[in-house]
Amino acid sequence: MKEPAEMTAPILKIEDLSVAFLGARNSWNRVIEGLSFDIRPGETVALVGESGSGKSVTSLSVMGLLDPATSKVEGRIQLAGHEVLNLDEAGKIRHIRGQAAAMIFQEPMTSLHPIYRVGDQITEALTSHRDLPKAEARKQAIALLERVRIPNAARRMEDYPHAFSGGMRQRVMIAMALASRPKLLIADEPTTALDVTVQGEILDLLKDIQAEYGMAMLFITHDMGVVAEMADRTVVMLRGRTVEQGPTAEIFAHPREPYTKALLASVPVLGSMKGKPAPLRFPLVDMKTGVAGEALPLQSSPDLSKPILEVRNLVTRFDVRGGLLNRRVARVHAVENVSFRIFPGETLSLVGESGCGKSTTGKSIIRLTDHATGSVAMAGDELFTLRPEALRLKRREIQMIPQDPLASMNPRMTVGDALVEPFTEHRMGTVPQAREKAARLMEQVGLTRDMLERYPHEFSGGQRQRVCIARALMLDPKLIIADESVSALDVSVKAQVVNLLLDIQDRLGIAFLFISHDIAVVERVSHRIAVMYMGEIVEIGPRAEILERPRHAYTRQLIGAVTVPDPGRRHLRRNQQIKELKTPIRPLDFRPPARHYEEVAPGHLVMVEA
Amino acid sequence: MCETRSLMTRLRGHILCGAAALALGTAFQPAFADDGHYGGTLKLLGVSSEGTLDPQINYTARYWPLFIWTHDGLMAFKKVNGPESAEVVPDLAEDMPVLSNDGKTYTFKLRQGIKFSNGKDLTVDDVVASFQRIFKISSPTSGSFYNGIVGADKCLAEAATCTLEGGIVADAATNTITINLVAPDAEFLYKLAVPHASIVPADTVMKDAGNEPIPGTGSYMFESYDPNASLIMVRNPHFQEWSKEAQPKGYVDRIEYTFGGTEEAAVNAILNGQADWMYEPVPTDRLAELSVSNPDQLRVSPLVAWWYAPMNVNIAPFNSLEARQALNYAVDRDALVSIFGGPALATPVCTILPPDMPGHVDRCDYTADPGELWSAPDMDKALALVEASGTKGQKVTVVTDDSVTSRGVGTYLQTVLSDLGYDATVQSISGDIQFTYIQNTNNNVQISVTQWYQDYPAPSNFLNVLFGCDSFTPGSDSSVNMSGICDKGLDDRMKAAMVLGSTDPEAALKEWGDIDYDMMKLAPAVPMFTPKDVDLISTRVGNYEFTSQFHWLVGTAWVQ
Amino acid sequence: MLAAILSRLLRMVVVMFGISVITFLIFFATPSSDPAARIAGKNAAQETIEAVRKDFGLDRPLYVQYGLMMQRLFISQDLTSFANRGQKIIPTVMAAAPATLSLVSGAAVLWMLGGILTGITAAAFRGRWPDKILMGLSMMAVAMPVFWVGEMVNLVTQNRLHDTWAFSWVPALGYTPFSQDPGLWFRSMVFPWLTLAFLYIGLYGRMLRTGIIETYQEDFIRTARAKGLTGRKVLLKHATRSAIIPIVIMFGMDFGVLVGGAAVLTEVVFGINGVGRLTYQALKVLDLPMIMATVLYASFFVVIANAVVDLLCLLIDPRMRRA
Amino acid sequence: MLIVVATLLAPVYAKHVAGTDPFRSGLSAKIKIDGKPTPVMQQSTEGLGLGVTPIGPTWGPQYMLGADGQGRDVAARMLYGGRNSLLIAGASTLICLFCAAIIGIAAGYSGGMVDGVLSNLIDMIWAFPVYLLAISLSIVMIGKSFALGPFEISSGSLIVPILIIGLVYVPYVARPIRGRVMAINQSEFVMAARGLGIRRWKILLRHILPNVSTTLIVFAPMLMALNIVTESSLSFLSVGVQPPNASWGTILQDGQTLLYSRPWVSLAPGLAIMVTVLLLNLFGDVLRDVLDPKSARGR
């Protein structure tokens, strides 16, 4: 049992912190204002908020990592007895960094130096504050790697970061942070870029290590589920200010501020759909009062008479070239023998972790990749045998909503032009008609007509996604492939966009292939769910069947790893086995084994383990 | 002689001196008999080497002055200072040949007891083999100098089996060689005195010897040759002086010719006493300074050469005689002389034969004040002639090489042509290409800037070669009659003059002078100026002797 | 590995074959380049020209001539110049190579040291006066034509100030082989080195500075700083190490190209009898065999440099080592 | 900008201030200095009296920078030469960008065989050292007039150096363009456009081209700076602009032979080149910062 946190002096004390950044035309934009909180030894404080709320800036300020030329930090930051803001870059700040506090970052893929061995990078962290003999440093480094449960630690010391998966890299980062036994560990969105199963592992690890080292932790995240699981206390931030802070359980149980209430209400919670037959909209939350409205279910139901899309034995493989010769050395079996059907007005979700082939499946269906074989029938027409021009016209019927709306819009075209272009390209009408339709759709997706003259970068993330939806609707498609379309959005925006999609389905009877790794959202929108693993569908069936009675081991693991915004789960440990993520890269002579599916319930097929 | 582009390079951008005589005077005392001058090493500099060491092939002004010290022909130009050097004297032949058969047969008696530098004795067989070799290796002049020998036509057609049957007859018993010509040739002895007619051992390879020295009979021999580094000459151990005027024993023991570097570097090296002489002309911008600071190290000598602008008489606008004459009137020779470095370095000319060429007569029609010498341009007359020719406004391109002087001359001509009412431009091409480019009629060159230096002191070497019908081959890169003029009457007179030369040289020379004058009436070219040679030598070089034929005589200079 | 080397070699042969064909065709497209007339000499008789044409095989179809030339260049190795009869091509090129190599290697040492120092210093003092001065100088270095810098250097060291204590040690222009007189070799190369290096110091310095500054935006630099490394260590070990990779690649390419003869302007201005100057002179006199040899020599070094750069990348950048 | 204005004023300067024609030999010209007529080409009178030296800088309106070996006003020629240098550099930049864009886009967009052939060709020309390629092309083209469609290009024309300089750098621009096109072609928004059923050529025209154009624009000033130096180098080796036309390179070449006696004939064009290139590079940096926010961040 921990001693009561209140009894000791805070390890980190932030008082009235303000940060401003140098913006265009030499103006200072304030990003944090009057922030105050403290962390006591052994305590975990979560800083939670949506993008732009100033969470990360806070952590960087604590470490003194903001560029003094472009930022202005005011207030007080006391860290383990040091006045951080009084320390100069030349020397003293080093007493903080890596000693008093250590930090792990969101992007494990880019946070390790790509051209130094992992071992050297950890050793460097060890020796930078202490005089250690080389051999001793190495021993300690191996110990650290073992501590973060990296298999074969001694051997892996010699590897370069690119040889590690994202989860493994994050472990290396943690090992590095632990090198000098910091009193405070700052974890800035440490699991956001990771797959859900890996996220679970890392959270477990962090909990263990905190218990063992007894250090305080500042945990920065946007994920209420993670907050619930990790934090003793929570600080909710909005646009650089503190909205509310207090013990996590308290905040979750009795949020006082409307924003906190809204935030909590918007979070999709896995399992909340138990017993609900149709997809359900998120309850709309009034931001002023934080009162959630009623969640409306989908009115229309799928027309199960004839599938709109029938995919049979879809296979997509890419060659891996390498060596000095640039010869084919292996093959990525991105999609392996995938078959499913979608009916008009129905939503089928493809879930799985990164690299499982779900996005490739989406692209293969509309032939945006050249490496697919198999059969895809769209409303009776076989897409894979269509001539280019016919295919082009057919594409009108299947539209895609991308994950990254900014990247999917030509930066040099106004939104209006981007909307008009496909309409006229398919000769669906004149330009004025197109503009009229574009304006109408903009309004339907919750934007305004005058926004048609803007360029993509002038919109916020949620608005851009609405534009992309409008663009897809310009062609009156019958099927929309939504590829991680809401994954990158903040929770409140995510709820709105999901609702919008459901509205559209209700009104137009469009079918969706909903590709996502976010099972809580999937639960909301799906009629049926297909789980993909290593390029194959391991389980497919009605939503309730899959989520409530998962049969395949992987499906279970996936569902088990999902965080739930329930502080009651704080001390839960998943105790999963540590493993490197398998890759679907196979030798050239690999022949995929024949797979069999068993129908365990009507429409519920499970791959039979070999 | 040795007219290759290298000679032109050598003269590019030159200079000269009113005080030439003065400078020459100091170097004059032929202080022979002073044994104290023998020995030492002469250091020569050149920007680049120039190809094969085969004396029968190399046709460059850089190496010909060296070959005359390593190899001998039956005849030789006198190795003495001044105009006398244009005379031919017996070299490997004991005496002047006996002429018979209406001047078509030459009989030489070979000197006895001469050894090649490899120790072998010189025999008549070597002489015969050497003449065959000229053809077997396609020597550059095989078709132009030696084609008059009986049997040469067969050799030219079928080089490999060349025997010169009936052309060269050797008699080992009497040690005589008889050469039979198809027709009399007044210039034949000159042709025997140039390096291409060098006598080499009979067992010499019958192909270009390249960088391998061929044994010779001269006072020096090549010790080593690396075209990228140096050419070393040392004394021929088997040499015994047999004729001081044909092949004297040289003063220095060793001659080192170093390649590479730049002209500027060479000037500095000579001034610093690190080298004795440079092949390339002294850069113009250094001359004014040197002529004040180091006048005693400069030697200015006249050359038998001219700079001229051949005009293509077969295409517009210079197919009009008036147009050609107009340009002759309009060109200001004084301006051209100043491009070349001023009156000390060049003299205006009006004739084809340069002033020091036998047969030259001072006559000048195309000047403001017609008479013996050029005085000033006559622009009014020129403009009137252009008007009369009806060629005004036509496009004219002057083709020059890319040397500074040549481009300067071209630019000046372009200015004059513009003043005359033409639409003129200049085209400058790399010197080495330009010379063949302007010859080929396919390139439709209207007017060009070029130079010609004597091969040997005979008027035909200028008149017949440059303006004779035989020198005009349409469509060939070798068609040195760049004007493309072929006047039957004048051509016959030139042929007759050549024949006359073998019987009555005096009369022939007078006729050549008349031909020159009559040719200029047709104005196939604009004579511009005759250049002079400038050598920069180190202070230790003594006995500087200059010949019009081979320029500086390296062998008769001393360094101690 | 063997297969990789072989395929590299094959590619090299293909590139060089292409280049030789292009060179050959360019030559025959040039007017007034009839080699026979030029080999035969001034005012040669038509028969002589014909004889030479036959002797040199110039009357054969182009592809036969090409084959003959390649055979004489690579197999019998006795190809001789068109311009200087009898001058063997291969020994000539080989003799010119050390001069170019001296020039380029010396300059390369200078410019790598200078460029790296400049880049790091400028990046370290970003925005402050050492940065501004260094970048100003670098821009100037890049802006000045190398031959002009050379001429100005010559003007000062050979003439205007040659008699002062500062430059009296500068020898006359030209190249002295190291084997002949190491001291003179060194003294004569100092200014060519500096001149050639000046340009590249500017180029590399600017590039490295930009590279380091861009690297500073990377996450892993933030990690390094968060570890508590000193600023110097972050700069030298973490930022520079990454930013130097493109510099090394560029260096490999530049070095290869220069050794192959691209330093022609420097060689011409300083009278160094190297490959560049040899090529330039061969081009001016349209000496096809020499052009062919020097161009192939140059492309050989470019291709080799490509291969070496690829190899270097493997060595210095572990990310490339995958697969 | 200043340079452009200055060079546009060249005729005014030549006619009304210097009173000379910079393309005409002025071998016997005289100017008044201190009221005394002085010949522009000064015959050496001391010592052996060898050589003729052009007049040095007068720093007055006439022959401000002295005369060259033809007695022409160097200052006037500088201005005209600058016009040609800028014209050549500018035009060759356009040609280069145009060709590189076509090749780069063709290779990058079509892929497959077309890409294979073009890429290998680019690699091949890449292995040909630039200056050697330029010199050999110059020698070929200067020696010959040739017809290009309906246009006869005479050998002395400025079009020759423009074409040569424009062409030799094509691989250096085409390669990155190809890479850029391939990247854009793989980008999300092109994918999206394909998914929307936009025609291939329209994707090229409306989506790829506008995005490649920034790359091209960023290249332009740098390439132009490079071209100015290349032009001067070629002219210096006398395979560039042909006399009597002038460019800064040809003036430099003229100056080379007067280096030791009249250094200003070399200094002036060299400085002009340096300043111009410097300005172009600075402009290029600014342009890159404006158009490419990624690198702007780094500054």
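How much area do domain 1 of chain C and domain 2 of chain C bury between them, and what share of it is on carbon and sulfur atoms? The tour below leads to that interface in this predicted model.

Begin by selecting residues 97-313 of chain C, which the unreviewed UniProt entry lists as "domain: ABC transmembrane type-1". This span is 80% helix and 0% strand, and its end C-alpha atoms lie 27 Å apart.

Next, colour chain C by its two assigned domains: domain 1 covers 19-76 and domain 2 covers 92-322. Taken over C-alpha atoms, the centres of domain 1 of chain C and domain 2 of chain C are separated by 38 Å.

Now display the interface itself. Here 15 residues of domain 1 of chain C are in contact with 11 residues of domain 2 of chain C. The two domains of chain C bury about 970 Å² between them, with 87% of that area on carbon and sulfur atoms. Select C:Thr23, C:Phe27 and C:Met69: together they supply 42% of the area that domain 1 buries against domain 2, more than any other three residues.

The most comes from α1(C), with 6 residues. By class, the residues on the domain 1 side divide into 9 nonpolar, 5 polar and 1 charged.

Key. Residues are numbered from 1 along each chain as its sequence is written. Chains are lettered from A and ligands numbered from 1 in the order in which they are written. This is a predicted model: local features need pLDDT of at least 70, side-chain atom pairs count only at pLDDT 80 or more; totals for chains, interfaces and linings use all residues. Side-chain values use heavy atoms; hydrogens and water are left out. UniProt positions are given in the numbering used here, feature names are shortened, and annotations may be inferred rather than shown by experiment. Helices (H or I, at least four residues) and strands (E, at least two) are DSSP runs, numbered from the N terminus. Domain bounds come from an automatic or database domain assignment. Contact means heavy atoms within 4.5 Å. Buried area is the accessible area (1.4 Å probe) that two parts lose on being put together, summed over both. Ala, Val, Leu, Ile, Met, Phe, Trp, Tyr, Cys and Pro count as nonpolar, Asp, Glu, Lys and Arg as charged, and the others, Gly among them, as polar.
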